Amino acid sequence: MAIKIGIPRGLWFYDYYPLWKTFYEELGAEVILSNPTNKKLLDQGVKNTVDEACLPVKIFNGHVMDLKDRVDYIFVPKMMSVYKKEYICPKFCGLPEMVKHSVSGLPPLIDTEINFNKSRRHIMNTVYQFGSYVTKNPLKIRNAYKKALTAYHDYKNQISQGRLPIDGKLSHDHNQIKSNPANKRIALLGHTYHLYDSFGSMNIIEKLKEYGVEILVPEMINMKVINERAATLEKKMFWSYGRKVLGTALYLQDQQQIDGAIYVSAFGCGIDSIVGDLFERWTRKNADIPFLLITIDEHTGEAGVNTRLEAFIDMIDWRKRDEGNLSAHG
Amino acid sequence: MKVTFPHMGNQYMATKVLLDELNVENILPPECSKDTLEIGTKYSPESICLPLKINIGNYIESIRQGADTILISGSCGPCRFGYYSIQQKEILSELGHDLNFILFDPPQGDYKTFLGRIFQLTGTKNPYKIIRALAKGTKILYQIDALDDLAYYKRPRQKQIGEVDFYLEKLHKEIRNAKGYHEVSQLIQKTRDQVMTIEEDPNKEIIKVGIVGEIYTIIEPFVNLNVERKLGEMGVEIEKSLKVSRWLTEHLYLHPLGITLEKEITEAAKPYMKTMIGGHARETIGYSVKFAKEGFDGIIQIYPFTCMPEIVAQSIMPTIEKDFDIPYLCFIVDELTGDAGYTTRLEAFVDLLKRRREMKRDEKLLSGY
């Protein structure tokens, strides 16, 4: 019987899951995804995580709970760093430990360390370690990895064309919105595990689409351009996500092609408290772009978010219609 | 150039001596107070951690006294402390304070910038002079940390409660007017002698508690609501997982050489946490295990609200509590922390520890038959 590997639908899932799924399927394992986030799953997660942790971590633990009784292994890699001299949030670095000590009765975790902070030279070693849970055949692992990479690049490509992976499923073509003419263009920022989790983000993407808003996410901007901008920062941004957001901020300032920016953040997110704050300061100061910050946690009421979104969109509309560019000071 | 720097416990004495010895004019920020916190909270982003808010308060209070340059150390992730400098600069410049920041980051290969910053601060390229000043600063750091250790020992044993802190407070006041290594060192020595002679009460039962957590919150007394004094006067002798002197030796002198004195701690933490994850999470875990093995009565973890590495540590702490059968209390501090609630929790915890000890003693007595 094939080994069953469970992949929780949380955190890095939205960035990498085609890579891992293809990889393990090519090796002959059965990959089981947890259910999309729902109320019960969230409650389970909240109950089994320290109070102080942020919403995404609680949701992640909920997904782990959802998987633990029906798989042989749960895939919780220790993601330290994916680019040179960069890190991911400390909670990611300690995630396997956090999961292990918060959820009881777990099957073994696949908690191989991914750390390319010093260099990427040992990348194949890491891949073999991941593969060794299923097979010891290095050739097979290498081939599976190649196929997985193709699937991953294809996935990234689709996203960059505007097909957003809501709950892990690529949405319909983005162009369909354009036919129902989009009158506004809004940049939507936030961790992928907020934006694409329809329950956690209270379906913010769908809501914006209903308002006829064309959405721009950082993944749709050429990575090279973002990196070039980010390289001009005074101090190197050491979070990969932070580099992406700050690079985007600088890019948007120059382009002046958007009507507003919405930043979705989890309550207590340490990275957002720096990156989100700098983004806000820069867009306000240098670019005159309206900015809305939506902070979510497990208590967030949907009505409040709706009202704020509506008000924000109205404000942009009025700004477009009524802006006479007259000085208010006479 | 008038240099100022943020507060962090007793670190200010060493930094002051370092700058004095280099003949750099410096402004010591006023002691952290409610005002400092209020100023900091007003201008900082809401969800940032407490140390940044206090830093901003320190800067603004120093700017009012004429400071124009800020000296701060940094890191390169993954804890958000690494980006403090940029954000602080941004906040201050929006307030109209265009100050000069001198930032000491780990060089990460870029020694030219690093040395450039040292020369900018010191105004000299004479390495002998710089090293001598640095050595003196470090010496002060060790002296003051030794004095702290003595205070931890004396506080629970003093016959007249408050005597230790009477001398320590006097020291803090006097150091503001002292200048240079010689004067500061003598003041510390004098206080040490005074604390040594404090009369002890031999009948007091002493409870031992290990304090772990995020470095800033366990070191800065204003932020942790003076936990060491509160505990001390309840009859608790403490030991802290982190000290500035140790941190400096580890990061500034040994780390570039690839040596570490913390190997024991890393090993102790290994079964619970395999790698470093930024901040002091691994130290928190490692020292908790160490304290538990050394027979401490309890462990208190303190960290600022939303601190990422400590949250990871916090989720592991209950396992350590179970594995070693040691009571554990977690304090999370932010600008809304109230003194009374905090004290009540401390008192309850200390009561619990005393009771546990009594029970253990009774058990021994009974099983002795």
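The legends below describe close-up views of a predicted model of a complex. Residues are numbered from 1 along each chain as its sequence is written, and chains are lettered from A and ligands numbered from 1 in the order in which they are written. Because the model is predicted, local features need pLDDT of at least 70 and side-chain atom pairs count only at pLDDT 80 or more, while totals for chains, interfaces and linings use all residues.

**View 1. Strand β11 of chain A and its burial.** Strand β11 (residues 260-266) of chain A has seven of its seven residues buried, so the strand is largely enclosed by the rest of the structure. Strands (E, at least two residues) and helices (H or I, at least four) are DSSP runs, numbered from the N terminus. A residue is buried if 20 or more other C-beta atoms lie within 10 Å of its own, exposed if 12 or fewer, and partly exposed in between, with C-beta atoms placed from the backbone. One side of β11(A) carries A:Gly260, A:Ile262, A:Val264 and A:Ala266, and the other carries A:Ala261, A:Tyr263 and A:Ser265.

**View 2. Parallel neighbours of β11(A).** Strand β9 (residues 184-189) of chain A runs parallel to β11(A) and is joined to it by four bridges; two strands pair if DSSP finds at least two bridges between them. Here A:Ala187 has A:Ala261 as its bridge partner in β11(A). Strand β12 (residues 291-296) of chain A is also parallel to β11(A), through six bridges, and A:Ala266 is partnered by A:Ile296 in β12(A). Between β11(A) and β12(A) the chain passes through helix α13 (residues 270-287) of chain A in a right-handed β-α-β crossover; with the strands pointing away from the viewer, the path from the first strand over the helix to the second runs clockwise.

**View 3. Helices α12 and α13 of chain A.** The axes of α12 (residues 240-255) and α13(A) come within 10 Å and cross at roughly 5 degrees. Axes are lines fitted to C-alpha atoms, for helices over the stretch in contact, and angles run from 0 to 180 degrees between N-to-C directions. The two helices are therefore roughly parallel to each other, a term for angles under 35 degrees. Among the residues that meet are A:Val245, A:Leu246 and A:Leu252 in α12(A), and A:Val275, A:Phe279 and A:Trp282 in α13(A); contact requires C-beta atoms, placed from the backbone, within 7 Å.

**View 4. The open sheet of chain B.** Four strands in the order β2-β1-β3-β4 form an open sheet with parallel pairing. Its edge strands, β2 (26-27) and β4 (100-104) of chain B, each pair on one side only. Five bridges link strand β3 (residues 69-73) of chain B to β4(B) in the parallel sense, and B:Ile72 has B:Leu103 as its bridge partner in β4(B).

**View 5. Two loop residues with positive phi.** A:Lys85, which is not a glycine, has a positive phi of about 55 degrees. A:Lys85 lies in the loop between β4 (78-81) and α4 (90-93) of chain A and is partly exposed, with 15 other C-beta atoms within 10 Å. B:Asp325 has a positive phi near 50 degrees, and is placed in the loop between α14 (308-324) and β8 (328-333) of chain B. B:Asp325 counts as exposed, with 8 C-beta neighbours inside 10 Å.

**View 6. The contact between chains A and B.** The contact takes 32 residues from chain B and 28 residues from chain A. On the side of chain B that touches chain A, α4 (84-94) and α14 of chain B are the elements that give two or more residues. The largest share of that side, eight residues, comes from α14(B). The predictor gives the complex an ipTM of 0.85 and a pTM of 0.87.

How values were computed: Parallel < 35°, antiparallel > 145°, perpendicular 65-115°, else oblique. Contact = placed C-beta atoms within 7 Å.
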